[in-house]
Amino acid sequence: MKERLVFVSIFLVIAIPLTILFVHSFKQSSALTTKQQHESAYSAYQNFSAALSQDFIGENNRSYTRYGLLNTIPAIGGSSRQISESFFFPDSAGLYCSFDIQNNRCRKGLVGHFQITQSNELLTPFYPDTNSRMGKTIWENYTFEDEGPRRETKQLIQQLVDTLGIRNDVKPKESIQILDSTSVIENATILDQLWDNNSISIPSRTEITSEDEALTYIAETAKMDSASLSRLRLLIGSNKEVKTNLFKVKYFNGHMVFYREIAIGDFAMIQGFVVNQTTYLNYMLSKLPQEFHGSTHAFELVLDNSIINTLGNKTNHDLIFEQELESPFQNISFRVYIDHDLQPIPYSILLTGFILLLVIAICLVTIYKFTRNNIALATKRQDFVSAITHELKTPLAAIKMYAELLQNSWVANEEKKQRYYNQIASEADRLSRLIQNVLNLSKLDGNRWNVQLRMERPKAVIDDFIATYGKNVEKQGFELTVSTDMEADKIHQLIDRDAIMQILMNLVDNSLKFSKNADYKMVNIELAIKGTDMYMAVRDYGPGIPQSEMKKVFQEFYRVENEMTRQTSGTGIGLSMVKKLCNLCNMKIEVENANPGLRTKIHFKPLDL
């Protein structure tokens, strides 16, 4: 019990620190894995935000003139007017590209541009007002195959503007707040500011315009005649600044409506454009780096707790990142999912720790068993020394006693003298057999037993044993009998005669010792054949062996009885030596309770029929 507590304590001393170490390593590795996944998701978020910001900044830098029907461009000797690029209708895929000095970009999902006058009238450059002089000229000079879609698109924009309450209630002198008065900001400057500040916060700006540009724009949008334009020219004079606010965005029915306020003096307008929400955002998601366009990632855009866009299949994916986009898209949340099966959760660390602890436990259990077996073997050897000493002292004491009686002539009766002589001879034989057993065991342990296999009849060996050892059995009050099959009597086997004699002597000795209190004082030697199995058995009528002890009786120095309380003589080496002799001579041994008594079978080599 003490040894077991010692080994358990050793295991705990090793296991507890190792368990803490591996759990800590697992947590750190899990945290590192989570951090790497979060950084990857944040990188996708930054890329998407940058794409939106670049498009948003570019649109903020678009000149106010690009939202009208006409653009004024410099020409030799003055200026000339041409149709604005916003007049051209987006293709069926909603792909619209603008190419000008300041911008070179495409936007997918565009529905169309619009303006709202100070009288809250909606103007669209792709479907001009036919009441204006320029509108009439356009319809007269162009043939429109897509007039129907243009008219329907204008009606859609009108519905969106009305529903979202986008109105031109601007009072320029009070409402347009100028944070910075500069010329048109270049894209590169805006992008540098974006990356430096991680923000798309761009100040309102002041655009420098020409008198012709301003007159053309106001005349078109205000529908002025020639007299009115003359008065407007005097009003504008040298004031060529256009004050522009940032775009705002509103969402409705799958559309995104961008709009801003501009002011030219006291003249205020609202400019904007409409995009198809799904098409536009999917197009922007498609600009994510190639590393995110696989089955390992999935992305979602969520507006007011409703999923509006998805990229990738998020089945069997886990949500690892969610964050709102920067202004003006702050109402939209960006979600990133990662494949659950591909997440490198470091369970291998825990598995390694478990295997290591298991190996340590197995090693300690092995050492414990080895130590316990050695202690048990040492104890058995001590018991053997005690038993052999007792076994040697008993016949020696008897020989000495009878010799002294005869030597001092204290026995006058010749009959008694003869009995004492016989007793001395019997004890000497017993002593000789005991010493021979020890010597034989030593030979077997040292592989010094000289095996001499010869073809002989096992029945003849049994007969020789009866002749040699039968009287000793009778002296102890037992009857020794032999039962032999007719067939077994004639069979020859390749056997070692000395080994068989030694086996029989030990088995019969055991039967005599443990059956001395039996009702039937009989020992029977059997020789039988069953099929190809030929066996020799020694059977007694004693108490037998408990079933739990059956596998232990062949152990060296093992005795069923406790050494301190045993009532039978012996050293515990008899059956151990029998087992070794059987193994050495290619025979098998088994014991079984015969009820009553014990039967020990020695199986010879199978017969070759």
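User: At what angle do α10 and α13 pack, and how far apart are their axes?

Analyst: First, the basis: this is a predicted model, in which local features need pLDDT of at least 70 and side-chain atom pairs count only at pLDDT 80 or more, while totals for chains, interfaces and linings use all residues. Residues are numbered from 1 along each chain as its sequence is written, and side-chain values use heavy atoms, with hydrogens and water left out. Helices (H or I, at least four residues) and strands (E, at least two) are DSSP runs numbered from the N terminus. Axes are lines fitted to C-alpha atoms, for helices over the stretch in contact, and angles run from 0 to 180 degrees between N-to-C directions. Here α10 and α13 pack at about 125°, with axes 12 Å apart.

User: What is the orientation of α10 and α13 to each other?

Analyst: Angles under 35 degrees count as roughly parallel, over 145 as roughly antiparallel, 65 to 115 as roughly perpendicular, and the rest as oblique. α10 and α13 are therefore oblique.

User: Which residues make the contact?

Analyst: Contact means heavy atoms within 4.5 Å. From α10 come R433, N437 and N440, and from α13 come Q502, M505, N506 and D509.

User: How do I read a nonpolar core, and which members of the largest one touch the most others?

Analyst: In soluble globular proteins, nonpolar side chains tend to be buried together. A nonpolar core is a set of buried Ala, Val, Leu, Ile, Met, Phe, Trp, Tyr and Cys residues joined through side-chain atoms within 4.5 Å. Buried means under 20% relative accessible area, exposed over 50%, and partly exposed in between (1.4 Å probe, protein chains only). The largest core has 45 residues, and M536 and I602 touch the most other members. Elements that each supply at least two of its residues include α10 (414-445), α13 (497-514) and α14 (574-584). α13 gives the most, with eight residues.

User: What does M536 touch?

Analyst: Leaving aside neighbours within four places in sequence, the contacts of M536 include I462, I500, L504 and I602.

User: Which residues of α14 are buried, and what covers them?

Analyst: In α14, the buried residues are G574, L575, S576, M577, V578, L581 and C582. Their cover includes α10, α13, β21 and β22. Just after α14, N586 takes a positive phi of about 60°.

User: Where does D129 lie, and is D129 buried or exposed?

Analyst: D129 lies in the loop between β6 (122-123) and α2 (133-141). D129 counts as buried because its relative accessibility is 15%. The C-alpha atoms of D129 and L69 are separated by 10.0 Å, with the two residues 60 apart along the chain.
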